[in-house]
Amino acid sequence: MSEAQTYNMDKSKKGIPGSTLKLAAISMMLIDHIGAVVLEPIMNQIQGNGVSTELLQAPSQKMITLSLIDTLFRCIGRLAFPIFIFLLVEGLIYTKNRRKYASRLLLFALISEVPFDLANSGKWFNPGYQSVYLTLFFGFLGIWFAEWVKGKEVKKLLGILSMAVTALFGGFWLTNNVYRVMAVLGIVDRNIWPVIIVMTVIFGIGLIVLLLIVNKKKPVKEMFAMAAGFAAIVVLMWIADIAMTDYSGVGVLAIAMAYYLRSSYMRSMVGACAALTVFNPIEMFAFANLFFMEKYNGQRGLKLKYIFYAFYPVHLFILYVIAYLLGAWPGTFGCFGM
């Protein structure tokens, strides 16, 4: 049964449509960003970074309350990005024009950059941190290529080269990020290069073994095609890291996981959430999205496409203005999150 046929069957089910998922996601994103853009700078001011209004002259009890509210808001916000990932994969499969879809993502990445930079750093331009729209754009390019190359006749040399890229660059990417998490936890020293090399080899071999297992009893050309998709995604993960986008290469990996597990709504969401959680444990709250996946009926719902696209830059700018009026200057928030 084709994916389109499955989609049509899903449309007859009762439940929540894609537009409801989007409304839920942008609501949780807004809550998250209230914490990141307004509450956290206020707490920074209270802690001695320059109190400028009476509102910021809060006693310690209010500081504790603000901290608890902020923590709650940021945990709620973890649910937003995986939903957007899920809908991105749905968009890839069912959009009539993938080129226009990718162009919209890039366009709104450019539009969102100034509001994002203002909300995150208080600067009109901050090359050190890019918005999540760019992460979605890179992820979409990766799964678009993986979908396009599927079933293509990939030449042996290109297939072998793709496997080498996947093993080498994919293995090192995994090592670099896993090692970073271990270093933060104090488990290892970041400068132990022999361990990094060994881990890279292990992860690289593991990726090739995974490729072989997935393509067991299938034609070699299918394995080479999937290897080409893997290689493209790995390269885009590195590009996202180098560009320092929100969620960076981990976000691209989460998009790829959702794409490859898309035969089931539940598995698709679990894949995205698992990829995010491995590299940042707070993302475990995103698994609450399984409730939405159980209710999702595969329908598009309300046609409010550009409202959803525009909400991201508009709400960031409004929150920045609110923070500015309160005298709470933006700082570095860590995982900003969509």
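User: Before we look around, what makes a stretch of residues a helix here?

Analyst: A helix is a DSSP run of H or I with at least four residues, and helices are numbered from the N terminus. By the way, this is a predicted model.

User: Which helices supply at least two residues each to the lining of the largest pocket?

Analyst: They are α2 (18-49), α4 (80-94), α5 (98-121), α6 (132-149) and α13 (305-325). The largest share, six residues, comes from α4.

User: How much space lies in that pocket, and which residues are closest to its centre?

Analyst: About 840 Å³. Of the 30 lining residues, Lys22, Gly91, Tyr101, Arg300 and Lys305 are the closest to the centre.

User: What makes a lining residue count as polar, and how does the lining split by class?

Analyst: Gly counts as polar, while Lys and Arg count as charged and Tyr as nonpolar. By class, the lining has 15 nonpolar, seven polar and eight charged residues.

User: What makes the nonpolar surface patch a patch?

Analyst: Its residues need over 30% relative accessible area and no salt bridge, with nonpolar side chains joined within 5 Å. Phe172, Trp193, Ile197, Val201, Ile205, Val209 and Ile213 make this one, at about 680 Å². Helix α8 (residues 193-214) gives the largest share, six residues, and Ile205 has its place in that helix.

User: Why does the span of helix α9 agree with its number of residues?

Analyst: At 1.5 Å a residue, the 24 residues of α9 (220-243) should span 34 Å, and the end C-alpha atoms are 35 Å apart, so the two agree. After α9 comes Met244, with a positive phi near 55 degrees.

Conventions
Residues are numbered from 1 along each chain as its sequence is written. This is a predicted model: local features need pLDDT of at least 70, side-chain atom pairs count only at pLDDT 80 or more; totals for chains, interfaces and linings use all residues. Side-chain values use heavy atoms; hydrogens and water are left out. Patches are made of residues with over 30% relative accessible area and no salt bridge: like charges are joined within 9 Å, nonpolar side chains (Val, Leu, Ile, Met, Phe, Trp, Tyr) within 5 Å. Accessible areas come from the Shrake-Rupley method with a 1.4 Å probe; for residues, only the protein chains shown count as cover. A salt bridge is a side-chain nitrogen of Lys or Arg within 4 Å of a carboxyl oxygen of Asp or Glu. On a 1 Å grid over the protein atoms alone, a cavity is a set of points where a 1.4 Å probe fits but cannot get out, and a pocket is an open set with protein on both sides within 12 Å along at least five of seven lines; lining residues have an atom within 4 Å of a point. Grid points are joined across faces, edges and corners, and a volume is the space filled by probe spheres set on the points. The expected span of a helix is 1.5 Å times one less than its number of residues.
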